[in-house]
Amino acid sequence: MSCTTILVGKKASYDGSTLVARTEDSQNGVFTPKKMELVTANKQPRTYRSVLSKFTIDLPDNPMTYSSVPDALGEDGIWGAAGVNEVNVAMSATETITTNARVLGADPLAEDGIGEEDMLTLVLPYIHSAREGVLRLGDILTHYGTYESNGIAFSDKDEIWWLETIGGHHWIARRVPDDVYVTNPNQLGIDHFEFNNPDEYLCSADLKDFIAKHHLDLTYSNQHFNPRYAFGSQRDKDKHYNTPRAWAIQKFLNPEIEQDPRSFAIPWCQKPYRKISIDDVKYVLSNHYQDTSFDPYGPEGNKISQRAFRTIGINRTSQTAILQLRPDMPEDISAIQWMAYGSMPFNTMVPFFTQVKSFPDYFTNTKKDVSTDSFYWQNRLIAAISDPHFKHHETDIENYVEKTMAQGYAMLNAVDAAYEDGQVLDLSQKNQEISDYVKLQTQELLNKVLLDASNLMTNRFSLSD
């Protein structure tokens, strides 16, 4: 799997929220249908068995309800991806990351351990803070191991934590500073760690000894410890697949900073030149190197430069969730899960309250066969139809995004005002209302791009006879 993550601390976001966002991108040639799901306590398994490994575990008997975005077909397991539990703790799992042979030689991957398939289900229903999420997942990793390298985000209204796996059984985590944002493509990203500062940094109990024993620390003695040097990768492939994505996001959020898209020294976190909104997160996760010679849709560059770097907004994104935990709000309406399906340059983000009894059918009823009754499949259709002549459809798509996201903000504002006046609303109904609106607008966009694309077909001719 391959994804792109952005994390935004509460002092760097537009309204004081913590923001955790990630595109979930399938491997090349694969398109994974996704759906939203509300997992209640009676649906949560008490004995969990992986599909892709032999991992089995008995789970606690007191799970909380939580939202998730599992694979719609379930053929390879759950893959819950992103969600918020009933005490407004959020989790995004996972960002596939890289490592190196030195690490794998010291702590090989565990063939029968856990993976992305399992993590949300094993952790999110049982944690009451972001930090507690790190500790629970870290304990599972220590005891059972993992068969792949991953980065995982946890958040509550006060903190965001980022955990990265190291080999089969080790891990490291850092609290995201409140005034920064983090960019993490498919590489191990943390570039600064302090072993004697447990309020901001956590890790496997034996990590320091593990590093020393296997000579993993590549920093000089007078420098701070850099986990990226010790546990990460610096491959030629990274310069085309990974680092350009961090460069593109930071180019937008810090245009005053000059960096090389192929650089291995792009910082893990930066303080933005201004505060970051939901719109900004949507934009950077849709990025295809606009206004550069690397844009596959742009007029600059050539066929070589336009294919040099892997775009953020790639064709095989299955879903994108922005997990927003808003401060100073009643618990019922604090958590918002913004959802998109399909390729990000062609879709929109839709806000949903998570403390509800159900989610709208348009977002949950994703079947194997293509259907215009599904938000997932409608977005796939719009993207596939629009892609060959993107510039022709670009304005219509931009108008659709602005209109639908504006309606989403309006819905949130209306609910916030009602709660401020002492009203308690049916939040499931509010979710349904925004879903119905988006369904109408998405159908109209599909109608428009299909008509326009039909008139651009290769076999067209100007005479009507």
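This is a predicted model: local features need pLDDT of at least 70, side-chain atom pairs count only at pLDDT 80 or more; totals for chains, interfaces and linings use all residues.
Is Thr32 buried or exposed? Its relative accessibility is 13%, and since buried means under 20%, Thr32 counts as buried.

Now step back to the whole chain. There are 13 helices and 17 strands in its secondary structure. The radius of gyration is 22 Å, close to the 23 Å that the globule rule gives for 465 residues, so the chain is as compact as a globular protein of that length. The C-alpha trace spans about 80 × 55 × 45 Å along its principal axes. Of the 465 residues, 57% are buried. And if you take the contacts with a separation of 6 or more, 70% of them come from residues 24 or more positions apart.

Next, the sheet. Strands of a sheet pair through backbone hydrogen bonds, either parallel or antiparallel. Here 6 strands make an open sheet with antiparallel pairing, and the order to trace is S7-S8-S9-S10-S11-S13. Strand S7 (82–84) and strand S13 (201–203) are the edges, each pairing on one side only. From one strand to the next, the twist averages 15°.

Another is helix H3 (residues 130–144), lying across S9, strand S10 (160–166), S11 and S13. H3 runs at about 10° to S10.

With 9 of its 11 residues buried, H7 is largely enclosed by the rest of the structure. The buried set is Thr243, Pro244, Arg245, Ala246, Trp247, Ala248, Ile249, Gln250 and Leu253. What do they pack against? The partners are strand S1 (2–8), strand S12 (181–184), helix H6 (238–241), strand S14 (269–270) and H8.

H8 leads us to another helix pair. Two packed helices are described by the angle between their axes and the distance between the axes. For helix H8 (residues 278–285) and helix H12 (residues 390–420), the angle is about 145° and the axes are 12 Å apart. The crossing of H8 and H12 is right-handed. On the H8 side, Ile278, Asp279 and Lys282 meet Val401, Met405 and Tyr409 of H12. The residues of this contact divide into 4 nonpolar, no polar and 2 charged.

Stay on H12 for a last stop, Tyr400. Tyr400 is buried, with a relative accessible area of 5%. Leaving out neighbours within four places in sequence, the contacts of Tyr400 are Asn347, Thr348, Phe375, Asn379, Val438, Gln441, Thr442 and Leu445. Take Val438 from that list: Val438 is 38 residues from Tyr400 along the chain, with 9.3 Å between their C-alpha atoms.

Key:
Residues are numbered from 1 along each chain as its sequence is written. Side-chain values use heavy atoms; hydrogens and water are left out. Two strands pair if DSSP finds at least two bridges between them. Helices (H or I, at least four residues) and strands (E, at least two) are DSSP runs, numbered from the N terminus. Axes are lines fitted to C-alpha atoms, for helices over the stretch in contact, and angles run from 0 to 180 degrees between N-to-C directions. Contact means heavy atoms within 4.5 Å. A crossing is left-handed if the near helix is turned anticlockwise from the far one by less than a right angle, and right-handed if clockwise. Ala, Val, Leu, Ile, Met, Phe, Trp, Tyr, Cys and Pro count as nonpolar, Asp, Glu, Lys and Arg as charged, and the others, Gly among them, as polar. The radius of gyration is taken over C-alpha atoms; the globule rule is 2.2 Å times the number of residues to the power 0.38. Buried means under 20% relative accessible area, exposed over 50%, partly exposed in between (1.4 Å probe, protein chains only).
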